[in-house]
Amino acid sequence: MTKLKPCPFCGGDAYLNQRYNSRGRVNMIFAQCDFCGSRGRIFASYTDAAEDNWKNDACIKATNAWNKRVEVE
C-alpha cells in the first residue's frame with residue numbers, strides 16, 4: 001500500500017480513518033492529519049477496512065486523494 005504523505009497544511013503525520021454511517025449502513029474511509037485534524041475526501045466501503053488490512057478499494061482511493069498535490073510555481 002502507498003504511504004500517506006504529510007499533511008499539506010501543517011506537515012503532520014496522516015493516517016486512514018474509518019467511521020460507520022448507520023443511516024447509510026456504510027463505512028466512510030478518509031485520510032486525516034494526526035496533528036491538525038484536517039481530512040481528505042471521503043469514500044464509501046461496505047466492508048470493514050481494518051479487517052481488510054486497509055487495502056480495500058476505498059482505502060486506496062482515499063490514499064490517492066490525500067497524496068494528490070498541486071505543484072505551485
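Strands pair if DSSP finds at least two bridges between them. Helices (H or I, at least four residues) and strands (E, at least two) are DSSP runs, numbered from the N terminus. This is a predicted model, in which local features need pLDDT of at least 70, side-chain atom pairs count only at pLDDT 80 or more, and totals for chains, interfaces and linings use all residues. Residues are numbered from 1 along each chain as its sequence is written, and side-chain values use heavy atoms, with hydrogens and water left out.

**View 1. The hairpin of β1 and β2 has four residues between the strands.** Arg-25 takes a positive phi near 55° in this hairpin. β1 and β2 run antiparallel and are joined by eight bridges. Asn-17 has Phe-30 in β2 as its bridge partner.

**View 2. An open sheet is built from three strands in the order β1-β2-β3.** The pairing is antiparallel. β1 and β3 are the edge strands, each pairing on one side only. From one strand to the next, the twist averages 35°. Angles run from 0 to 180 degrees between N-to-C directions, and axes are lines fitted to C-alpha atoms, for helices over the stretch in contact. Three bridges link β2 and β3, which also run antiparallel. Ile-29 stands opposite Phe-43 in β3. In a regular strand the side chains alternate between the two faces of the sheet.

**View 3. Helix α1 lies across β1, β2 and β3.** The helix spans residues 57-67 and runs at about 30° to β2. Buried residues (under 20% relative accessible area; exposed is over 50%, partly exposed in between; 1.4 Å probe, protein chains only) in α1 are Ala-58, Cys-59, Ala-62, Thr-63, Trp-66 and Asn-67. Seen down the axis of α1, these buried residues fall within an arc of 160°, so they line one face of the helix. The arc is taken from the directions from the helix axis to the C-beta atoms. An α-helix has 3.6 residues a turn, so residues three or four places apart point the same way. The buried residues of α1 pack against β1 (14-21), β2 (26-33) and β3 (43-45), with contact meaning heavy atoms within 4.5 Å.

**View 4. Asn-56 caps the N-terminal end of α1.** A side-chain oxygen of Asn-56 lies 3.2 Å from the backbone nitrogen of Ala-58. A polar contact is a pair of N or O atoms within 3.5 Å; within protein, one must be able to donate a hydrogen and the other to accept it, and residues adjacent in sequence count only if both atoms are side-chain atoms.

**View 5. Asn-53 and Trp-54 in the loop between β3 and α1.** Asn-53 has phi near 55°, a positive value in a residue other than glycine. Asn-53 is exposed, with a relative accessible area of 53%. Trp-54 has a positive phi of about 60°, although Trp-54 is not a glycine. At 26% relative accessibility, Trp-54 counts as partly exposed.

**View 6. Zero disulfides are found in a search of the whole structure.** A disulfide is counted here as a pair of cysteine sulfur atoms within 2.5 Å. Cys-7 is in no disulfide; the nearest cysteine sulfur, that of Cys-36, is 3.8 Å away. Cys-7 counts as buried at 5% relative accessibility. Cys-59 is in no disulfide either, and its nearest cysteine sulfur, that of Cys-33, is 18 Å away. Cys-59 is buried, with a relative accessible area of 0%.
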